[in-house]
Amino acid sequence: MPKRKLHQSEVKKETANLEEKRVQCVFKSESGETDGSPFELPTDITKDKLQLICDAVIANEDKVPYAFFVNGVEITETLLKAVGEDVITKTESALEIVYQPQAVFKVRAVTRCTSSLEGHADAVLFVAFSPDGRHLASGSGDTTVRFWDINTETPEHRCKGHQHWVLCLAWSPDGRKLASGCKGGKVCLWNPQTGKQISRALTGHSDYISTLAWKPLHLDAECRFLASSSKDRTVRIWDVMTFKTHLIISGHSAHISYVKWGGSDLLYTASHDRTIKVWRATDGVFCRNLEGHGHWVNTLALSTDYVMRTGAFDPANAKIVHEQNTDSAEELSKKAKDRYTATLAIGGTQGGAERLVSGSDDSTMYLWKPEDSKKPVARMTGHQKPINEVKFSPDSRLIASASFDKFVKLWDGFTGAFVATLRGHVNMVYQVSWSADSRLLVSGSKDSTLKVWKVQDRSILLDLPGHADEVFAVDWSPDGQRVVSGGKDKVLKIWRA
C-alpha cells in the first residue's frame, strides 16, 4: 500500500519534534581523548551554546574559542543542520563532538585601500612583511628592492645592487636582514633600518634564483645561514657572516623551483625533474626521494612555515609592530623553539611532525610526512590546471591552493581531504596569504583583483578591486592589520580594515 503524503502541518510537526529531540553526546579532543561522560543535548543546540557547555566540561579557564565537528562536518549553526536527520535518528551510541581550539585573537578583514605606493619602474614581483610586522619590502622587474614605511605608508629606501629582475625576497626570522635573489643568479643582503647593502653580493649560481630560505631561528640564533635554489640545478647554503658558500647541494636533473628549510634541520627541494628531495642541512647528505608528480613541481609548503617565518614574534601580540624588540639572540631563539614545538603539537596524534605539501603543473598536490616516510599521506586532486602556490594556515589545520584554473581550494591539513572550492576570481590565481588567526584568506589574481575569503563559511567576504593589471604578489602582515599587494601595474597597494 503506497505511503500517503504528509500534510504540510504534519511536516512542520515532525520537524518540530525532531528539533525538540535530545541526543547523547560526548566531547572529544583532536588527539582522541574523551572529556567527561556522555550527556544529553537538544538537537537544535547552537555553536555558541556548545562553547558554553564545552567551557564548563573541560575547564576552559582561558576562554579559548573552539570549532566543533561531527564526523568531520563543522557545526556552524545547529547540531541538527550539521549532521542531518538520519544521523540523529539512527545514532545508537553517544555522538562524538570533536572540538578544535581556535586563535584567541581575531583579525579584522581588510576592506579598503589606504595607499597606492608608486616608485617601481617595472612590475612588482614579490612583497613581504618582516617577521615582526614593522617593515615592508618589495622586489621588482626594475632590478631594485624597496623598503616602505608602514606607519606613514610612504617610500623609505630604494636599494640598488642587482642588475636583473628581483624574483624573490626572504626576511631573516629575527627581522634584522632581508635577502633578495635575482634573475642574474645573485643574492644580496640588506639592512632594513638603513637600506644599505650588507657587504658584497653572494655570487656562485650560474642561473636565476628561484627561492630563498633562512635556517629557522630556533636552530640558528644568529640567523647565519641562508639557502638559495636556482635554475642551475643546485642549492647553495651561504654563511652570511663570511659571505661565502658554506655548502653546495646537487642531485636534481632539472631546474630547482623551490627550497624549504625545515624545523628539524632538513632541506626540501622541488624540481622540474618531477621529484622532491630531502637533504640533511648540516652536511648536504641526501635522505630520500619523494615521487608521485607527473610534471614539474612548482611549490612547497610546510605545516610550520608560519611559526618559523614569525620566529619569536607572536602575532597574538599586536604591539610587536610598534615596539622594537630588545631580547638577546638566545632569548629570541628560545621563544621561537617554544612556538615551534607548540605548533607541532596541534592536532594531537594527527600532528607531531612537520607535514609538507607540494603543488605541480600536473594539477595535483601531495601531502607528505617527509621526516618519516617517502610515501605520501594523500594525493589531492580537484584542480584542472597547474597549481601556483600552496600555503598551510598558521594553525596548520588547513591548506589553501591557488591555481591557473581560477579557483582557490581548501584542504584538510592533516589528511589532505578536500574541504571546499572558493569561487570568485575570473582569471588565474597567483598567490594566497592567510591572516594570523587562520580565519581569513586573501588571494591575488590575473583578473586584477584581490578577494578576501571567510574560511569558516567557505565564502567570499570582500572583493577588492583597484589594481590596473595582474596582481602577482600578496602578503598579510603578521599582526593582521595590513595586506600588501603588488603586480604588473608597478604599484604597491596597502589594504586595511
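**Close-up views of a predicted model**

The structure holds 16 salt bridges. The model is predicted. Its mean pLDDT is 91, and 93% of the residues reach 70 or more.

**View A. A salt bridge between Lys260 and Asp305.** The side chains of Lys260 and Asp305 meet at 3.0 Å, taken from N to O. Lys260 belongs to strand 18 (residues 256–261) and Asp305 to helix 4 (residues 305–310). The two residues are 45 residues apart, and the pair links distant parts of the chain. Both partners are charged residues of a salt bridge, and Lys260 is buried, as is Asp305.

**View B. A salt bridge between Lys391 and Glu389.** In this pair the N to O distance is 3.6 Å. Lys391 has a relative accessible area of 26% and is therefore partly exposed. Glu389 has a relative accessibility of 8%, so it counts as buried.

**View C. A salt bridge between Asp437 and Arg439.** The side chains of Asp437 and Arg439 meet at 3.4 Å, N to O. Asp437 is buried, with a relative accessible area of 3%. Arg439 also counts as buried, at 18% relative accessibility; the cut-off for buried is under 20%.

**View D. The largest nonpolar core.** This core has 22 residues, and those that touch the most other members are Phe27, Leu50, Phe68, Ile75, Leu79 and Ile97. Two or more residues each come from strand 1 (22–29), strand 2 (34–42), helix 2 (47–57), strand 3 (66–70), helix 3 (79–90) and strand 5 (95–101). Helix 3 gives the largest share, five residues. In soluble globular proteins, nonpolar side chains tend to be buried together.

**View E. The surroundings of Leu50.** With neighbours within four places in sequence left aside, Leu50 is in contact with Phe27, Leu41, Ile45, Phe68, Ile75 and Ile97. Of these contacts, Phe27, Phe68, Ile75 and Ile97 are listed with Leu50 among the core residues that touch the most other members.

**View F. Strand 14 and its partner, strand 15.** Strand 14 covers residues 209–214, and six of its six residues are buried, so the strand is largely enclosed by the rest of the structure. Strand 15 (residues 225–230) runs antiparallel to strand 14, and five bridges join the two. Within this pairing, Trp214 stands opposite Leu226 of strand 15.

**View G. Arg233, a loop residue with positive phi.** Arg233 is found in the loop between strand 15 and strand 16 (234–239). Its phi is near 75 degrees, a positive value in a residue other than glycine. Most residues other than glycine have a negative phi. Arg233 has a relative accessible area of 43% and is therefore partly exposed.

View H. Although Lys406 is not a glycine, its phi is positive, at about 85 degrees. The relative accessible area of Lys406 is 38%, so the residue is partly exposed.

View I. For Cys54, the nearest cysteine sulfur is that of Cys25, 12 Å away. For Cys159, the nearest cysteine sulfur is that of Cys188, at 9.6 Å. A disulfide would need sulfur atoms within 2.5 Å. Cys54 is buried, with a relative accessible area of 0%. Cys159 is buried too, with a relative accessible area of 1%.

View J. Over residues 1–6, pLDDT stays under 50. The model has three contacts beyond four places in sequence for this segment. Residues 10–16 form another such segment, where pLDDT again stays under 50. For residues 10–16 the model likewise has three contacts beyond four places in sequence.

Methods
Residues are numbered from 1 along each chain as its sequence is written. This is a predicted model: local features need pLDDT of at least 70, side-chain atom pairs count only at pLDDT 80 or more; totals for chains, interfaces and linings use all residues. Side-chain values use heavy atoms; hydrogens and water are left out. pLDDT is the predictor's confidence in each residue, from 0 to 100. Contact means heavy atoms within 4.5 Å. Buried means under 20% relative accessible area, exposed over 50%, partly exposed in between (1.4 Å probe, protein chains only). Helices (H or I, at least four residues) and strands (E, at least two) are DSSP runs, numbered from the N terminus. Two strands pair if DSSP finds at least two bridges between them. A salt bridge is a side-chain nitrogen of Lys or Arg within 4 Å of a carboxyl oxygen of Asp or Glu. A nonpolar core is a set of buried Ala, Val, Leu, Ile, Met, Phe, Trp, Tyr and Cys residues joined through side-chain atoms within 4.5 Å.
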